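Colleague: I'd like to learn how to read a model like this one. Could you walk me through it, feature by feature?

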There are 2 protein chains.
Amino acid sequence: MVKYSSRMGKMEGSAIRELLKLTAKPEIISFAGGMPAPELFPTEEMEKAANAVMEEQGQIAMQYSTTEGYPRLREQIVERMDKKNNIKTDVDHILITSGSQQGLDYSGRLFLDKDDIILCESPSYLGALNAFKTNEPKFIEVPTDENGLIPEELEKILAKEDRVKMIYVIPDFQNPTGRTWPLERRHAFMDIINKYEIPVIEDNPYGELRYEGDYLPALKSLDTKGLVVYLGTFSKILAPGYRLGWICADDEILSNYNKLAQAGALQASTISQMEPAKWIDMFDLDAHVAEIRKVYGHRRDVMLDTLEKTFPEGVTWTHPVGGLFLWVMLPENMKAQDVYMKALEKNVAFVPGDTFFPNGGVFNCFRMNYSCMPDEKIIEGVTALADVIKAEMK
Amino acid sequence: MVKYSSRMGKMEGSAIRELLKLTAKPEIISFAGGMPAPELFPTEEMEKAANAVMEEQGQIAMQYSTTEGYPRLREQIVERMDKKNNIKTDVDHILITSGSQQGLDYSGRLFLDKDDIILCESPSYLGALNAFKTNEPKFIEVPTDENGLIPEELEKILAKEDRVKMIYVIPDFQNPTGRTWPLERRHAFMDIINKYEIPVIEDNPYGELRYEGDYLPALKSLDTKGLVVYLGTFSKILAPGYRLGWICADDEILSNYNKLAQAGALQASTISQMEPAKWIDMFDLDAHVAEIRKVYGHRRDVMLDTLEKTFPEGVTWTHPVGGLFLWVMLPENMKAQDVYMKALEKNVAFVPGDTFFPNGGVFNCFRMNYSCMPDEKIIEGVTALADVIKAEMK
């Protein structure tokens, strides 16, 4: 009889992926996914880049490449991390992955044995939690407030638990809450990390998508002991279809990631690395990101305005200064799952929040995405959702 | 202090990948890699396919897609498995992976807990062994002869060991030996598998590259109990740079692979799936494979001829009827590693065979690839290698 590994008993299919199938019908106004707006993809320019790759380096593009990744792309990443995140590094400290998700998966496998403890923000990104679960760890959720992870709470946990193997955080425009850590929290966090010397996975998929205020330094840029592993991606600033992410880490840690990458998939797709690298050389990524920020920032405003106008008293939500998501908190006696079922009848979808808590127990929150619906759909969807919530509150 | 997971203590970087770096110098005649011949890549046609994808479906190509994979590509795979392997299946039983390597990685994670037993041919493909090692299993090597795995030996092991969780095999043109199981062995193997009901990973990257004799049915085509997981790939029949592989398995097993794929990388690159799918629709994969078979078959002949003419008595080698590799056995008192170091001084490279034995202990064999060197280099390299071996034998 076929027997699966014990990890399989703990794995569910991603609730979000299953839900996205449900919400793929064209009549659905979906705030559920986290997809970039496809109308902003530079398809014509990318065709030119693809042509250039095949004409200039076709045989290289179709051949095996190194596990580390395409050299020109790694150079571009190094430049960008310097310019955008104030992270000083070099190509030898960059490993290309098939999207950040693969970086998350390798992170769990690098640090976690069964029953080891991993810390994350409460709530945290579902896709990361699922990746880590394949190693059967125990999760401890670090309490958060409107400014993200609370350093004092982190220190309490670290002082007590000696089997903490890694900490997973999203300091900028967090998924699912949209919250951002202020500068002083970043410093306080790093002080604690340096004291306990625990590796940190800093996941920064949305960092460049800021709509107001000043950019804040990445944790990696404050890292003096080589404890921070930085995960970046082109999914939100260019396109997710190439599955292009990267890991930036210090020597020994990165060489261990490299071993996992060799065993896990050999390398990221060569063509998927070379086409975007050529596009970045031929066109203007900064201008493209500026355009994305304009559109998404506007959609965020539309969603926030409509929430303000239509949502009933007793419901609160976050006011993200960047990224793709905001987080709605219903009164504690309400269940987001119930609202979800009713909303779906009205052709509106979001992601109920309970799955973002690895240890469960929170049922009154949900996540809303504002990046991939046009204004009128956002207004229509939020208004319909407000009616559903009001009806449920009675 | 940073502490890694216990699996990291068992992982080495792939000897082959490290070695390929050493042998990347242009003056080296390398029989070490397993790379397809890049001069056969249809780069001009692929540029046309890439254009068509971006013009017709650019936004889809740059967006997230499903974990299962691009529907048209899965249809093409189903047709091809029917035509080439006599495997009757449908798109619901196909999951696209980032190369077969990812399928191997997911396979280990699906079935193996720490200290579980996995069976493989002795010797077996290093990349697979490395993938499985991340789960810290115990390997038992099933003895083989010139016709591949010996069914009676397999049965002896299964009768004795009750913690066998999976069996990994390459019945066609095996890596590293180039050996192929005859039909009666395939039936005998499946009889034993059906009796013990152990899942089988059938890895078939080279199956279409047969240079003589008749195609033999895949184990999956003989599978009546849904125990065989079939791994296919476009790396050797089209190009490896797209990292395109697939898993074909029965319902429950495939749904579990899907969970691992969601957690591991979400999906394979959308663009890397759509460009080859479009190429297959626009051009002629069968004609392309015929061309590859002609070239590689000829190179195999050149290598076999030169081995026959130059290698000293006491050295034997396999005569593969397909695939990319042959296997050389030196006298038992010789070490392939010593020959390797001397050969490298003469600018000739191959892969010493010890790493293909998960439990080690065999040092007198090595693997040679004949697919990516032109005739004159094969003759020159084999002749130089013969001289090195003769000198070492003295």
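Modeller: Happy to. Keep in mind that this is a predicted model. Let's begin with a strand pair: in chain A, strand 14 and strand 15 (residues 365-369) run antiparallel and are joined over two bridges.

Colleague: Which residue stands opposite Phe366(A) of strand 15 of chain A?

Modeller: That's Pro352(A).

Colleague: In what order do the four strands of the open sheet in chain A come?

Modeller: Read across the sheet, the order is 11-12-15-14, with antiparallel pairing.

Colleague: And why is one side of strand 11 and of strand 14 of chain A left without a neighbour in the sheet?

Modeller: Strand 11 (316-317) and strand 14 (351-352) of chain A are at the edges with a single partner strand each, so each has one side with no neighbour in the sheet.

Colleague: Now a helix. Which residues of helix 11 of chain B are buried?

Modeller: For a helix, look at which way its buried residues point. In helix 11 (residues 336-345) of chain B, they are Ala336(B), Val339(B), Tyr340(B) and Ala343(B). Viewed down the helix axis, these buried residues fall within an arc of 105°, so they line one face of helix 11 of chain B. On the face turned away from that buried side you'll find the exposed residues Met341(B) and Glu345(B).

Colleague: What covers the buried residues of helix 11 of chain B?

Modeller: The cover includes strand 13 (348-349), strand 14 (351-352), strand 15 (365-369) and helix 12 (375-393), which belong to chain B. After helix 11 of chain B comes Asn347(B), with a positive phi near 65°.

Colleague: Let's go up to domains. How is chain A divided?

Modeller: The domain assignment gives domain 1 (6-42 + 287-393) and domain 2 (43-282). Their C-alpha centres are 24 Å apart. To read the boundary, count who touches whom: 33 residues of domain 1 of chain A contact 36 residues of domain 2 of chain A. Helix 10 of chain A gives the largest share of the domain 1 side, six residues. By class, that side has 18 nonpolar, ten polar and five charged residues.

Colleague: And how many residues does each chain give to the contact between chain A and chain B?

Modeller: Chain A gives 67 residues and chain B gives 66. On the chain A side, the largest share, eleven residues, comes from helix 2. The class count for that side of chain A is 29 nonpolar, 25 polar and 13 charged residues.

Conventions. Residues are numbered from 1 along each chain as its sequence is written. Chains are lettered from A and ligands numbered from 1 in the order in which they are written. This is a predicted model: local features need pLDDT of at least 70, side-chain atom pairs count only at pLDDT 80 or more; totals for chains, interfaces and linings use all residues. A residue is buried if 20 or more other C-beta atoms lie within 10 Å of its own, exposed if 12 or fewer, and partly exposed in between; C-beta atoms are placed from the backbone. The arc is that of the directions from the helix axis to the C-beta atoms. Two residues are in contact if their C-beta atoms, placed from the backbone, lie within 7 Å. Ala, Val, Leu, Ile, Met, Phe, Trp, Tyr, Cys and Pro count as nonpolar, Asp, Glu, Lys and Arg as charged, and the others, Gly among them, as polar. Domain bounds come from an automatic or database domain assignment. Two strands pair if DSSP finds at least two bridges between them.
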